[in-house]
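Colleague: I would like to learn how to read aromatic pairs. Please start with the terms.

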Amino acid sequence: MSIENRGVELTHYSVSGFRSLTDFSIGLNRGLNVLVGPNGSGKTNFIEFLDFLSSAISQSAATAVSQAGGVARVFSQEQSKSKTSKISAIISGVADMEGRVDDKELKIFNFEYEIEIKFSRSQSVIFVSKETIKFRKLRQAHELELCRSPVGAISVRRQVGTLDKGPVFEVSPRLQTKNIRNPLRYLNRFGMAFRAPDEKNLDSIYVGFDESIFSARQNHPAVDAVRSAITRGRSFNLVPEHVRVPDDLTRTPAIYPDGSGLTATLYHLQRASQPTRRSRPVISRRFLPEHLEAIVEWTKLVFPELNGVSVVADPHTGKYLGYLNIGQESLKIPLQSASDGTLKWLGLVTLIITRGGIYSVEEPENFLHPKMQQYLIDLIRDFSSEPGRPGYFIMSSHSETIINKCHPDELILFDFVNGKTQCSRLENQEAVLEQINETGFGLGYYYANNAVS
Ligand SMILES: Nc1ncnc2c1ncn2[C@@H]1O[C@H](COP(=O)(O)OP(=O)(O)OP(=O)(O)O)[C@@H](O)[C@H]1O
Ligand SMILES: [Mg+2]
């Protein structure tokens, strides 16, 4: 093991008011981020916060709160007696306008996004009280010195008493110039330049009081790029029983957060891998001809008897029926009869290989043989390091096997102190690595013995 691949911090989150996350701060690195720590330390809370944030931005604050379990579960208990509860978060990271603008060089910029969601008990209303997007200068990938140079900010504010009047909207004048380093110099898809809202165009920008500025109809490429940098994270908790179920022919092919969608996804991957049929509409640009083969190859590592997988669209049942082709004679075993571990593995591998965005997986070790857990880490490293791939991957785990496979800089240690979640990276990374190399014991061994802090 070497330390040269030490992660570069990609995205930083500060959160207050969401369950046990108060004055909580975490940096996610490129590649693998493994959340470890005692039961109840807040790992799931952080992963669910990412879902909450995505949902608040792409749907509404009220929807996000109800999806995360309602007011009583979402806002930190500390605030339960106050008139207003508040969740606030600051996310800083890098946005990329790839595919949204023509310029191949100047399409990256750093941003800082702040959101505040309030719940007023007296009025029984949830609203977005504050949102700010700060834009840094457009830069080329290597121009790191420009990362921190600000251009300006868009900000929106609301108060509970004046929700019906619409928000107070502010835009820095520098964001409305044609300056080559201004991320907002690009026109939107209606060919309109970015301008601060006034009475007349407020309608096109103004959204409901529990909605985010990102749900405005006329967003510009730079705003959209920030949105996708923030909302790509989705959490997955694959349950073999759900992976097992044959999908309806109408199912959109993708692995869903509970693990369902495998047969529909494999069917469309199978179609993508058969060149003669490519004239048919391609259902997802993310499905490449080589994906199915990659899934089979990775599955063979843990299940050497496997020859391939095949899926038929059965008109009688209206379902996709999947089969594992096994052994020399190519025995066909229905996917429904496969073991829990095999199904979970297939679901995970298909997810990792086909998914374009950043995502997290909770305790993937359940049902998986230790060897599979080790291959899983290899698979994630392989696919998150590919050029054009999302960049980071979050996993929570209690598995000694998984932690053994991790490099010291991939771990984030969670702890629960005075009712709050805290987290940190290993401080003594070099020393730990030296110990590991000297003793031959993995990181998981030290972790399980409380020797890592
Ligand atoms: N609304 C809330 N306000 C404050 N603290 C909360 C709230 N809801 C849950 N908690 C605290 O959050 C902790 C639960 O965190 P979480 O479920 O994220 O733990 P975990 O690290 O995923 O644990 P495990 O390893 O058992 O899955 C508990 O200690 C609980 O007291
Ligand atoms: Mg948990």
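Modeller: Buried means under 20% relative accessible area, exposed over 50%, and partly exposed in between (1.4 Å probe, protein chains only). This is a predicted model: local features need pLDDT of at least 70, side-chain atom pairs count only at pLDDT 80 or more, and totals for chains, interfaces and linings use all residues. Residues are numbered from 1 along each chain as its sequence is written, chains are lettered from A and ligands numbered from 1 in the order written, and side-chain values use heavy atoms, without hydrogens and water.

Colleague: Is Y13 buried or exposed?

Modeller: Y13 is buried, with a relative accessible area of 3%. F46 is buried too, at 0%.

Colleague: How is a ring pair described?

Modeller: By the distance of the centres and the angle of the planes. Rings of Phe, Tyr and Trp (its six-membered ring) pair if their centres lie within 6.5 Å; planes under 30 degrees apart count as stacked, over 60 as edge-to-face, the rest as tilted. The whole structure holds 11 aromatic pairs. One of them, Y13 with F46, is edge-to-face: 5.7 Å centre to centre, 80 degrees between the planes. Y13 is in strand 1 and F46 in helix 1, 33 residues apart. Helices (H or I, at least four residues) and strands (E, at least two) are DSSP runs, numbered from the N terminus.

Colleague: Why is the pair of F24 and F46 called tilted?

Modeller: The ring centres of F24 and F46 are 5.8 Å apart and the planes stand at 45 degrees, so the pair is tilted. F24 is in strand 2, 22 residues from F46. F24 is buried, at 2% relative accessibility.

Colleague: Which residues do ring pairs link into a cluster?

Modeller: Y13, F24, F46 and F414.
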